Amino acid sequence: MLFAYLTYEAYINFLGDRFASDVWKKERTFFNKKPYHGLEGKLKLLSERIPFVGIRKDQRPYQTIKDLKRLRDFLSHGKTEKYEKLI
């Protein structure tokens, strides 16, 4: 599941380099602020530059990608749990 999301992320970057190479040259700074923040922002920019049918964020496959992102974030940014034993 994690590799599926990483593949999606890599494909977005591949498309960005092909269709918006001017922006991808300054990727770290450009996608660090709204309205194009993060991977969502990259997808937004690509959808504006590439003529294709709009993304339906309330349906699959986008909902599946959101689920994969939650899993990726959970695995990548895991929080520690602390337990105490009362005597």
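## Core, first helix and cavity

Of the 17 residues that make up the largest nonpolar core, Y8, W24 and L45 touch the most other members, and at least two residues of this core come from each of α1, α2, α4 and α5. The model described here is predicted. Leaving aside neighbours within four places in sequence, W24 is in contact with I12, N13, G16, D17, F31, K42, L45 and L46.

Helix α1, which covers residues 2-19, has 18 residues and spans 26 Å from its first C-alpha to its last, close to the 26 Å expected at 1.5 Å a residue. Its buried residues are Y5, Y8, I12, L15 and G16; seen down the axis of α1, these buried residues fall within an arc of 105°, so they line one face of the helix. The exposed residues F3, T7 and R18 are carried by the face of α1 turned away from its buried side. The partners against which the buried residues of α1 pack are listed below.

| Helix packed against by the buried residues of α1 | Residues |
|---|---|
| α2 | 21-24 |
| α4 | 38-49 |
| α5 | 62-76 |

The structure also holds one cavity of 30 Å³ or more, and the largest cavity has a volume of about 90 Å³. The lining of the largest cavity consists of Y5, Y8, L39, E40, L43, Y62, I65, K66 and K69. To this lining α1, α4 and α5 each supply at least two residues, with the largest share, four residues, coming from α5.

Conventions. Residues are numbered from 1 along each chain as its sequence is written. This is a predicted model: local features need pLDDT of at least 70, side-chain atom pairs count only at pLDDT 80 or more; totals for chains, interfaces and linings use all residues. Side-chain values use heavy atoms; hydrogens and water are left out. The expected span of a helix is 1.5 Å times one less than its number of residues. Buried means under 20% relative accessible area, exposed over 50%, partly exposed in between (1.4 Å probe, protein chains only). The arc is that of the directions from the helix axis to the C-beta atoms. Contact means heavy atoms within 4.5 Å. A nonpolar core is a set of buried Ala, Val, Leu, Ile, Met, Phe, Trp, Tyr and Cys residues joined through side-chain atoms within 4.5 Å. On a 1 Å grid over the protein atoms alone, a cavity is a set of points where a 1.4 Å probe fits but cannot get out, and a pocket is an open set with protein on both sides within 12 Å along at least five of seven lines; lining residues have an atom within 4 Å of a point. Grid points are joined across faces, edges and corners, and a volume is the space filled by probe spheres set on the points.
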